[in-house]
Amino acid sequence: MKQKHLVNMFAALSLTLGAGFAAAASDEPIQPIKAATGINQAKAELGKKLYFEPRLSKSGFISCNSCHNLARGGTDNIPSSIGDRWQQGPIKAPTVLNSSLNVAQFWDGRAANLKEQAGGPIANPMEMGFTHTLAVNVLSSIPGYVSEFKQVFGKNKIDMDQVTEAIAEFEKTLVTPNSRFDQWLLGNENAITAEEKAGYALFKSSGCVACHNGEAVGGNSFQKMGLVEPYNTNNPAEGRVAVTGNDAERFNFKVPTLRNVELTYPYFHDGAANTLTEAVNTMGRVQLGKKFTTKENAQIVAFLKTLTGERPNITLPQLPPSADKTPRPNPFN
């Protein structure tokens, strides 16, 4: 009887402590990332093939992974991506990791969701350089895809709606939970160091959390780049005004996620900051009107590195072979 009482007492204590940890986490402006749930695995597996499929491009050499490289933090680590016929894009490729948590897609938010975003690069003449019609025709000429699309969607004919839905389903799996900071939020006091905790305290007290909050530590609002001091750049992107036509939203960009930020250099929509140290200094100056000391900067950078989570273990898919074995000419020669 006494043993049963002790078991119940410890169970109640565990629940109380667990509730305390949960309450502590809920009081913070940043929340732990949750693992992906509710995924249609067959659809996501098809979407993974399409994500790595270069035959969705005019050249047959560019895939989604070319600019949103899953081995490089979901981006390509250059100031602006290289597309069809070596054209250089006008803006830095944002990370695809945790993109399902964004309020909208692209820096200017012109795509409402992942499905809408997935079709954009395929038909963009500066990116994959194809058309939706030709992309569907290519997939329809590959017996392996015809069979898999029918199995997943139950239709005899492939269309672009299915293509983008499958890619979006795969991208929903690309969340990165269990960062050291998430472990700390969930009650593990030893998950981050004293310097990293000091950096988080500065991150909050300086006002960074006004824009960088929630699960993704960003991605949930649009803000003007150069709020306190003008941001000088040669990049032609004008931000949200290109979508809304509202001049008050000129140079308003989607606040980027800071999850895995140590991997997604260079920083900002123009890729102008090569290091986190440089990025923190710039953001302090132009967004907050604050000049961080060298020590403060180092503390914030240390905190930002705790946001690197567990990336999905993605194995490269086996792409279905083309019925036509004639190789495409290399357009880059």
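Rings of Phe, Tyr and Trp (its six-membered ring) pair if their centres lie within 6.5 Å; planes under 30 degrees apart count as stacked, over 60 as edge-to-face and the rest as tilted. By this criterion, Phe181, Trp184, Tyr200, Phe203 and Phe303 are joined into a cluster by ring pairs. The structure holds 12 aromatic pairs. In one of them, the ring centres of tryptophan 107 and phenylalanine 253 are 6.5 Å apart and the planes stand at 85°, so this pair is edge-to-face. The two residues are 146 apart in the chain. Tryptophan 107 lies in the loop between helix H3 (64-67) and helix H4 (114-118), and phenylalanine 253 belongs to strand E2 (residues 252-254). Both tryptophan 107 and phenylalanine 253 are buried (under 20% relative accessible area; exposed is over 50%, partly exposed in between; 1.4 Å probe, protein chains only).

The model is predicted: local features need pLDDT of at least 70, side-chain atom pairs count only at pLDDT 80 or more, and totals for chains, interfaces and linings use all residues. Residues are numbered from 1 along each chain as its sequence is written, and side-chain values use heavy atoms, with hydrogens and water left out.

Two arginines sit over rings (CZ of Arg or NZ of Lys within 6 Å of the ring centre and within 35 degrees of the ring normal). The charged end of arginine 110 is 3.7 Å from the ring centre of phenylalanine 106. For arginine 240 over phenylalanine 222, the distance is 4.4 Å.

The protein chain contains 13 helices and 2 strands (DSSP runs numbered from the N terminus: helices H or I, at least four residues; strands E, at least two). Of its 333 residues, 47% count as buried.
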